[in-house]
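This report walks through selected local features of one protein structure. Please look at the sequence and the structure first; the description follows.

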Amino acid sequence: MTSILVATDRGLHDVAGDEPPAFEDRRVTFVAAGANGILAIVEGREVWASDGGWHQIATTERLVLNCLAFTDRWLVGTSEAHLLHLTDGGDLVPIERFDDVQGRDEWFTPWGGPPDTRSMSEWDDDVYVNVHVGGVVRTDDGGETWMPTIDIEADVHQVTTAEGLVLAASAGGLAMSADRGGTWNHRTEGLEHQYARAVTVIGDTVLVSTSRGPRGGGANVYRAGLGDGAFERCSAGLPGSFDGNIDSHCLDAPPGGPTACFGTADGQVFRSSDEGATWQQLAAGLPPVRRVLVLP
């Protein structure tokens, strides 16, 4: 049975089941699955693991923990654009070579604060880390060396991988690379607005969310063939558009399906069982959604 975990400002909800939320009244900002189970970030400072029940395994005082990914180990992306390794013993160990990547001094945020490590993905030996605003950097040797890929001005909000492709939801639409990030092309045909925040792949279909800009408005989910072709707006079962943004990590699907889901800042969750062709509302009235994770 598919499990759909929704991290919100007040708890972690499984909207496909009837269990009470975990971490009720606490802010859960991220949840991810790995070889040894599910991890969650709570209040931006704590990492919890699920093993028949939740228990805290790591904490930090200075850095904010933003995202998790399991490659050959657990990685944690943080504020100030750092990358940590979460050890089996619960230590958060800096990956120092990540701090040496070429072009790091040019990373920025539009409001003048330090950049963040925002999203991560992997394909075979390649690990891709998205910095906002700093583009996407890649390692193919376990983190010993890191290489910049896309221009940082592309303003990438989420990176993912599928079938050897690298896909990046960016301020200029969906950026795609078929050569490990060496070159990129931007797909925008069919998009009413090109400001993309989230991307996921299900089967032969890529789904992206777009809006008018950083403050959102006119937000929608679009679908297209993974290889090429114009996007079409997902409309069946959905409102005409959403306020705010359908944010990074709030649109998710296992690559093999069968379910895709997305959540919104006003606490709605929608599900599709046909690669985004039609949708149904699964939940409403939740606290603001920060992350959706679909487990097959």
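## Selected local features

Val133 lies in the loop between E12 and E13. The model is a predicted one, and local features are reported where pLDDT is at least 70.

**The sheet around this loop**

E12 and E13 belong to an open sheet of 4 strands, which run in the order E11-E12-E13-E14 with antiparallel pairing. At the edges are strand E11 (116-123) and strand E14 (147-148), each of which pairs on one side only. In general, the strands of a sheet pair through backbone hydrogen bonds, in a parallel or an antiparallel way. Strand E12 covers residues 126-132 and strand E13 covers residues 135-139; 5 bridges join the two in the antiparallel sense. One of the residues involved is Val131, whose bridge partner in E13 is Gly135.

**Cis peptide bonds**

The loop that holds Val133 also has a backbone feature to note: the peptide bond joining His132 and Val133 is cis, with omega about 5°. Another cis peptide bond runs from Gly257 to Pro258, where omega is near 10°. Pro258 is located in the loop between strand E23 (251-252) and strand E24 (260-263).

**Positive phi values**

Glu80 is not a glycine, yet its phi is positive, about 60°. Its place is the loop between strand E8 (74-78) and strand E9 (83-86). Glu275 is likewise a residue other than glycine with a positive phi, near 60°, and it lies in the loop between strand E25 (269-272) and strand E26 (280-283). Is each of these glutamates buried or exposed, or in between? Glu80 has a relative accessibility of 31% and so counts as partly exposed. For Glu275 the value is 28%, so this residue also counts as partly exposed.

**Ser211**

Ser211 is part of strand E20 (residues 205-211). Why does Ser211 count as buried? The reason is its relative accessibility of 1%, because buried means under 20%. The side chain of Ser211 reaches the backbone oxygen of Gly213 at 3.1 Å. Beyond its neighbours within four places in sequence, Ser211 is in contact with several residues, among them His193, Tyr195, Gly244 and Asn245.

**Aromatic rings**

The count of aromatic pairs comes to 9.

| Pair | Centre to centre | Angle between planes |
|---|---|---|
| Phe70 and Trp74 | 5.4 Å | 65° |
| Phe262 and Trp279 | 5.1 Å | 70° |

The second pair links distant parts of the chain, with Phe262 in strand E24 and Trp279 in the loop between E25 and E26, 17 residues apart. Both pairs count as edge-to-face because their planes are over 60 degrees apart.

How accessible are these rings' residues? Phe70 is partly exposed, with a relative accessible area of 26%, whereas Trp74 is buried at 6%. In the other pair, Phe262 has a relative accessible area of 0% and is buried, and Trp279 counts as buried at 6% relative accessibility. Phe262 and Trp279 also belong to a cluster that ring pairs form together with Phe242 and Phe270.

A ring also takes part in a contact with a charge: the charged end of Arg291 sits over the ring of Phe30, at 4.7 Å from the ring centre.

How values were computed: Residues are numbered from 1 along each chain as its sequence is written. This is a predicted model: local features need pLDDT of at least 70, side-chain atom pairs count only at pLDDT 80 or more; totals for chains, interfaces and linings use all residues. Side-chain values use heavy atoms; hydrogens and water are left out. Two strands pair if DSSP finds at least two bridges between them. Buried means under 20% relative accessible area, exposed over 50%, partly exposed in between (1.4 Å probe, protein chains only). A polar contact is a pair of N or O atoms within 3.5 Å; within protein, one must be able to donate a hydrogen and the other to accept it, and residues adjacent in sequence count only if both atoms are side-chain atoms. Contact means heavy atoms within 4.5 Å. Rings of Phe, Tyr and Trp (its six-membered ring) pair if their centres lie within 6.5 Å; planes under 30 degrees apart count as stacked, over 60 as edge-to-face and the rest as tilted. A charge sits over a ring if NZ of Lys or CZ of Arg is within 6 Å of the ring centre and within 35 degrees of the ring normal.
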